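This report examines a protein chain by its domains, by the boundary between two of them, and by some local features of its backbone. Please consult the sequence and the structure while reading.

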Amino acid sequence: MNAQEFFLKAQTSAELAVRFDTSNQFAAALFYYEEAASNLRYASEHVDNEELAETWRTKAVEYHDRSKSIEAQLQAMSRSTSQSEDLQHLQRCRFLLNQALDADEAGLKDDAVELYTQAVELSIEAKKLTKDPDQQKKIGVLQTQALERAEELKGIPKPSVTSKASTASSPSSVTNKQFSTSTASSPEKSTSSGHASLHRGFSAHLKIVGSDSYTDEEKLVLLATSRINAREYVPFMSIDLKEKFQYAIPFSDKDGPLALSPKQKMAFDKWARPRDYCEDPVMVLGNVDPYSIKQTIVSDCSFVASLAISALYERRFKKRLITSIIYPKNRLKEPVYNPFGKYMIKLHINGVPRKVIIDDSLPMGRHGELLCSYSTNRNELWISLLEKAYMKVMGGYNFPGSNSNIDLHALTGWIPERKSILPNEKDFNSSALFDMLLMHIKDGNVLATVATGELSELEAERAGLVPTHAYAVLDVKKVNGVRLMKLKNPWSHLRWRGNYSELDTVHWTREMKDALDFNPDSAAMFDNGVFWIDYESILRFYDVFYLNWDPQMFKYTYCIHQSWKAGTGPVKDAYNIGENPQFRLEVGSGEGTVWILLTRHITNIQDFKDNREFITVLVYKTEGKRVYYPYDPEPFIDGVRINSPHYLCKINLSPTSARKYTLVVSQYEKMHTINYTLRAYATCPFKLDQIKNPYLHSEVVRGQWTGSSAGGCGNHPATYLLNPRYQVVLESVHSNNKILLDLKGPKQYQMGLDLISHDSNSSNVRKRSSGVYRSGFVAFEVEDLPPGKYDIVPSTFLPAQEGPFILTFKSSCPFKLGKIQ
C-alpha cells in the first residue's frame, strides 16, 4: 500500500472513532482511534514530503493519546461496577418513592399507600445488597420517608422514640404486619369502579358529536385488529394509566427480543440495557432535540424523520407531543427513566390509541455500538425506546419501510395527508402548495416530511441525495422572493450539494445569510445532515410531501369502526357501488370545514409491505341517500384510490353549500375482508351515521331473454308485452314499505325495469320505471309503497337482445315472488 491508501484508511477510521466517541460507544472508539493512529504512522513512513509526514505523526499521537484516555476510562468504569450496582439500588428506591408521591399528590390514597409500602420493602432489600455506607444511608432516608407517609395516610400515630428503635431493629416485621399490599386496592380495582371504557375521541379538546359508546360490531372489529404481527396491542384506556412499572427484578418483555434485520445480525453482539453502556441514563436530557437523532442500520428513515419533526414541534411550540406518549411519568407529566426497565408507549394504530409494552434492552454490536437509532446527547433514551416500540408493532427491526404519514399518525394521532409533487401536471399548483406549507408550518398546524423518488446512482451522487428517502422539513422561508426549505437527513450525514447548500458559492449573499442565520463555512466543517435547499430543486428531485395536521384545528369529531366482508358486491366498483359501505353526513349551517379520514386496519407485516388494497372515499350530494351508480350522479368528490392505510378527503362549506352528503367507501378491487375506521373532523357541528340496510327480506331469481321473450323496452309495444314478467305480493299492513330491484345482465345491452301496480285505485302512479336504460346493471329503489300486488318487467332496450339476467328483489316487509310469464 502507498501513503495515500494508508491515509484514506486512517481518515475512515478516524471518522468512525469520533462518531463512536461522541455517542458514548467507547469500546468501538478505542479500536478505531488505534486503527487511525497506526495507519497514519504507516502513511508517514511512505510519503516523501517530510512536512506532511510530521503532520501525520502528530495526528497519530493525538489519536493514540485519546485511545489511552478511553482505555483508562473503561478500566475505571469496570472498577466502579459495584458502585454502579449500588447506585441502581438507590435509583429504584427513589423511582418507587416518586411514583408514590405522584399518586399521593393526585389524591389516590390507596394507590399511594401501596406504592409507599413497596418502596419500604424495596429499601429494606436494597440496604442488604448495598456495600457503600453512603448509599445505604441515602436508601435509609428514602425508607423512612416512605414509611412515615404511609403511616400518616393510614391514620397510624407517629411512634415514640422507643418504638422507632424497635422498628429499626426489626423492619421486616413492621412491613409484614402494617403494610401488607392487600390493604390497598390494586390499580385495576381502583379503576374498575370508574369508566375504563373505549372512547371515540383521542384528543381531549375535540367534542364527540354522537354516542360515545361503541356498538358490539365495533368492539369486535377493534378486538380482531388488536392482534398485530402475532402480538396483542389492546386499545389504550384510562385503566392503563395505573400500569405497574416496578418489579423485584429488571423487567423483561414477555414477547421476547425483537427480530433483528440482516444488517443488525451481521454486527450483533448482545442485548444491552442502558446501565450496560452509560453511567446515568435519562429519558430526556432537558428538552427533546431534533438534531440529536441519529439513524443507524434500521431501514426506518421515515420514522426517524417523523421523530425529528415531532421533537422540533415540541421544542418550538413548548407543547408536549412526542414525549406525551411515553410512560412512566413524573408528577410534571414528564417521561422518566425507569431503573426497573419497563416502559409503556401509546401509539395510534388501527383506528385507536393502543398500548405497547417494551423493556429497555437494545441491540448492541461487537464494538459497543448501538444497532438502533439513538441520541447523540449522552445517556438519553427516548429515541431508542420509541423506535423499539414502533418496530415491535411492525414485527421487529427487519422493517420494510413506511412513509411519514403512517409513522407520524402512529406517534401523534395527527391527521395524515399525501401531497404528490407533479410539476408537469396542468392541475398541480406548486406556488399554492409552498404558500400553504409556509403559513401552516410557521403556525404549528402541520408536521411535514418530503421524500425523494427513484434517482440514478450518478444523479444521487451529484445531488447528495438518497433515492426513495424521507427528509424532515424543519423550516420553510421566503426571502426576497426566493423560496427555501430546511431539511434533515435522518442519517445525520450526507447533505444536498446543489443550490443553497454549504458548498454553494453563488447564492449565499450576505443578506441571505443574515436572514436565515446561516454560515456556509461553519456548516461545511460538520456534516449533521441538515441543509437548506431551494423549492425549485425540491420540485425537481422530490416526489411527495407527507403532511400530518393538528386535530386541534377542529372542534368536533366522530368515528365509526366497520368490517367490509369479502364477496359483498362486485369485485370492482366500475358499475355498482350500492353494496359498498355508505354513510350519511349532515352538517350545520354557515361556513365550515369537514375532513374525512379513512383508515384501513393492517394486522400483518406482509400486508403492510405488499399493500395491494387501494382504498378511497367518494362524496355525493344526494341528501344522504344510498348511491348505486359510481358516476350517476357525478361524485362531488371523486377520491383517488391509493394503496396506503390512510386516505383523507376535505369538504369546504360555504353558506350556500349542500348540508347532506353521502360518503361511500370504495376499493379498486375487493379481494379480501377489510376492517377500517371512518373518522370525521369538523369546525362545525355535524352528524355522521351509517346508511343502514332497511331490506330485511330478499330473493334472487334467474331468467333469460330468449326468442320472443326478448321484447325490448316500451318503445316497442308489439313485443314489450312478451318480456319475462314476475309478480310480487307485499304482505304488510303499512303503506311506507320500501323495495329495491337489482337487475344484472350482459354488459353489451342497455337494461331497465318497470314496476306495475295491480291496484288501479292507488294514489301512487300505476307504472313506475327505473329510468334511463343502463349497461349491464340497473338498481331501482321505490319508497312509500302500499301493500298489494305488483308486476315486475325486466327488459333490454331493443328487441331480440338475448341473454341471461339475475333479478334480486329486496323488501322492508315480507313478500311472495313468482314468475307469471
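The model under discussion is predicted.

**Division of the chain**

Six domains are assigned: domain 1 (3-81), domain 2 (85-154), domain 3 (233-412), domain 4 (415-549), domain 5 (554-690) and domain 6 (697-819). An unreviewed UniProt entry lists residues 270-551 under "domain: Calpain catalytic".

**The boundary between domain 3 and domain 4**

How far apart are the centres of domain 3 and domain 4? Taken over C-alpha atoms, the separation is 27 Å.

The size of an interface is often expressed as the accessible area that is lost when the parts come together. For domain 3 and domain 4, the buried area is about 1900 Å², and 62% of it lies on carbon and sulfur atoms. On the side of domain 3, Tyr291, Ile309 and Asn405 lose the most area to domain 4, and together they make up 31% of what that side buries.

Which kinds of polar interaction are counted across this boundary? There are zero salt bridges between domain 3 and domain 4, whereas 11 residue pairs are in polar contact, with both residues at pLDDT 80 or more.

**The annotated active site**

Under "active site", the unreviewed UniProt entry lists Cys301, His469 and Asn489. These residues are spread over 189 residues of sequence, yet they cluster in space, with a largest C-alpha distance of 8.5 Å.

**Backbone features**

Most residues other than glycine have a negative phi, and most peptide bonds are trans.

| Cis peptide bond | Omega |
|---|---|
| Tyr327 to Pro328 | near 10° |
| Asp632 to Pro633 | about 5° |

Where in the chain are the two prolines found? Pro328 is in the loop between strand 6 (326-327) and strand 7 (342-349). Pro633 is in the loop between strand 20 (615-620) and strand 21 (646-653).

Ser492 is a residue other than glycine with a positive phi, near 65°. Ser492 is also placed in a loop, between strand 14 (482-488) and helix 18 (510-516).

**Salt bridges**

The structure holds 29 salt bridges. One of the residue pairs that form a salt bridge is Arg57 with Glu54, whose closest N and O atoms are 3.0 Å apart. Why are Arg57 and Glu54 separated by about one helical turn? The reason is that they are three residues apart in helix 3 (residues 50-79).

Terms used
Residues numbered from 1 in each chain as written. Predicted model: local features only at pLDDT ≥ 70, side-chain atom pairs only at ≥ 80, totals over all residues. Heavy atoms only, no water. UniProt positions renumbered as here; feature names shortened; annotations may be inferred. Domains from an automatic or database assignment. Buried area = accessible area lost by both parts, 1.4 Å probe. Salt bridge = Lys/Arg side-chain N within 4 Å of Asp/Glu carboxyl O. Polar contact = N/O pair within 3.5 Å; in protein donor to acceptor, adjacent residues only side chain to side chain. Helix = DSSP H or I, 4+ residues; strand = E, 2+ residues; numbered from the N terminus.
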